[in-house]
Amino acid sequence: MPPLKQAAKHTSVEIVAVVGGMAPQKQQRLLHKHPEIIVATPGRLWDLISEKEEHVSQLDQLRFLVIDEADRMVEQGHFQELSSILDLIHISGDSGNEEEKQTKKTLQKFIFSATLTLPKSFRQKGRERTISKGDVLVSLMDKVGLQKNSCKVIDVTNKRGTVETLTETKILCSIEEKDLYLYYFLCRYPGRTLVFSNTVDCVRRLGSLFRLLNFDPWVLHASMQQRQRLKNLDRFKSNARGLLLATDVAARGLDIPSVEHVIHYQVPKDPDLYIHRSGRTARASREGLSVVLVAPQEAGSYKKIMKSLNSGNELNSFPVDVAFMSSIKKRITLAKKVDKEEFKFRRKKSRNDWVLSSAKAMDIEVDEDLLEDLGDVQERKQQQGKLKQMKAELSSLLKAPLIPLGFSGKYPTKSGALIIPGMKPEIRCEDDKKGAIEDARRKERKKGET
């Protein structure tokens, strides 16, 4: 949406976004201005069409139809609203007599996706079924109403599906060690970082844990209101060292400038998600880094991705200095204890508050047996004192520098160009070290000659 507005900045073209999770009344007011371009999510657009909103109901006046992330349309059970919209467009295109059909302006249709030419996998009746990229395209053409003999397919993707400026790596570790390696990476390589998890619960847990570790993470998942999602995105964009913890709701459709790192905290379920997640970095010819944390239980999903995108070849291992792991483990272990104690109390109190408020609304007395035991005053004081002591110990640990002063924050990439702004570059590659030594020797020889 912002790139479109930027492109139309010096024109009279009006652009309006129509999305769910925001007040429909405001969007309707904007539609009354009859904008030339509407960027919409299928659900909200279908709601407005169903309510006979005039501007979006005039489908016979449609000149251009653009569908992004089109490959998701072939997934069974997804985007019923979009199918309904397409059916209406086809009906409006076929309506009228022959003379009216001839005078109607031609509707051009465009379908886009970064993973359009990848084979798709589905589970049907407990079995996994794969359809080829040719079948995917045929299915899409049928759904969108494209004539096979009058459309063009332009494939600009490479065999790997990811851009050349992206450096892809892995870290093999147990599930219990993932927090350690994520903390290690965030401390040692500061920069705008997007961390992907498969579930909302995992995102919430990481958010709570890394706040205790003195990070300032923002979260993004489907259970949040749209307004809060947009607010967190804006905060992430405005911070050069921002940390966003997200589910795959952030894997598509987001254009966040200068995301330096993408961390797959949990291995995605299929190659499509891996490509879309990794595609949040290394955009617009910039370099970027993708790191997958792979636990033994996730080996199947990881191998499936490598087989589809990398001919079965393994990703390079991301270099980790294990000398820091002992200190990191102390911090993570203590932070988890604090988080567990706080969560236990919050959960009990939250449940009690819900029971009491519900009873008050129904004007009934509450049986104390229904309430969680929070302990007496003395017990709560002891718990608070214990928690305060653990927090003080954690604070003391976090004040001690983990990474040596002067460390550049640089990591191996395709060209070695990704360096944290304002910090001196660090030579990590053995060939670079040899080259630097040779340069120093040449300078010494020149000094001797003069």
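These legends walk through several close-up views of a predicted model.

**About the model.** Residues are numbered from 1 along each chain as its sequence is written, and side-chain values use heavy atoms, with hydrogens and water left out. Because this is a predicted model, local features need pLDDT of at least 70 and side-chain atom pairs count only at pLDDT 80 or more, while totals for chains, interfaces and linings use all residues.

**View 1. The whole chain, for orientation.** You'll find 15 helices and 13 strands here; helices (H or I, at least four residues) and strands (E, at least two) are DSSP runs, numbered from the N terminus. Of the 450 residues in the chain, 38% are buried. Buried means under 20% relative accessible area, exposed over 50%, and partly exposed in between (1.4 Å probe, protein chains only). Take the contacts in the chain with a separation of 6 or more: residues 24 or more positions apart account for 70% of them. Contact means heavy atoms within 4.5 Å.

**View 2. Helix α8, a mostly covered helix.** In α8, 10 of 11 residues are buried. Among them are Lys-178, Asp-179 and Arg-188, along with Tyr-183, Tyr-184 and Phe-185. Thr-333 sits in helix α13 and is partly exposed, with a relative accessible area of 36%.

View 3. Rings of Phe, Tyr and Trp (its six-membered ring) pair if their centres lie within 6.5 Å; planes under 30 degrees apart count as stacked, over 60 as edge-to-face and the rest as tilted. That rule gives a count of seven aromatic pairs. One of them is Tyr-184 with Phe-324, a tilted pair, since the ring centres are 6.3 Å apart and the planes are at 45 degrees. This pair links distant parts of the chain, with Tyr-184 in helix α8 (residues 178-188) and Phe-324 in the loop between β13 (316-317) and α13 (325-361), 140 residues apart. Both Tyr-184 and Phe-324 are buried. Phe-185 and Phe-318 make another tilted pair, with centres 5.6 Å apart and planes at 55 degrees. Phe-185 lies in helix α8 and Phe-318 in the loop between β13 and α13, so this pair ties together parts that are 133 residues apart in sequence. Phe-185 counts as buried at 2% relative accessibility, and Phe-318 does too, at 5%. Tyr-183, for its part, forms one aromatic cluster with Phe-210 and Phe-215.

**View 4. Where α11 packs on α12.** Helix α11 (residues 271-278) and helix α12 (residues 299-309) pack at an angle of about 80 degrees, and their axes are 9 Å apart. Axes are lines fitted to C-alpha atoms, for helices over the stretch in contact, and angles run from 0 to 180 degrees between N-to-C directions. The two helices are therefore roughly perpendicular to each other; angles under 35 degrees count as roughly parallel, over 145 as roughly antiparallel, 65 to 115 as roughly perpendicular and the rest as oblique. From α11, Pro-271, Tyr-274 and Ile-275 meet Lys-304, Ile-305, Ser-308 and Leu-309 of α12. By class, that contact has five nonpolar, one polar and one charged residues. Ala, Val, Leu, Ile, Met, Phe, Trp, Tyr, Cys and Pro count as nonpolar, Asp, Glu, Lys and Arg as charged, and the others, Gly among them, as polar.

**View 5. The buried face of α3.** In helix α3 (residues 42-50), the buried residues are Arg-44, Leu-45, Leu-48 and Ile-49. Seen down the axis of α3, they fall within an arc of 140 degrees, so they line one face of the helix. That arc is the one made by the directions from the helix axis to the C-beta atoms. Just after α3 comes Lys-52, with a positive phi of about 65 degrees.

**View 6. Two loop residues with positive phi.** Most residues other than glycine have a negative phi. His-34 has a positive phi, near 55 degrees, and lies in the loop between α2 (24-31) and β2 (37-40). At 41% relative accessibility, His-34 counts as partly exposed. Glu-69 also has a positive phi, near 50 degrees, in the loop between β3 (64-67) and α5 (80-94). Glu-69 counts as buried, at 16% relative accessibility.
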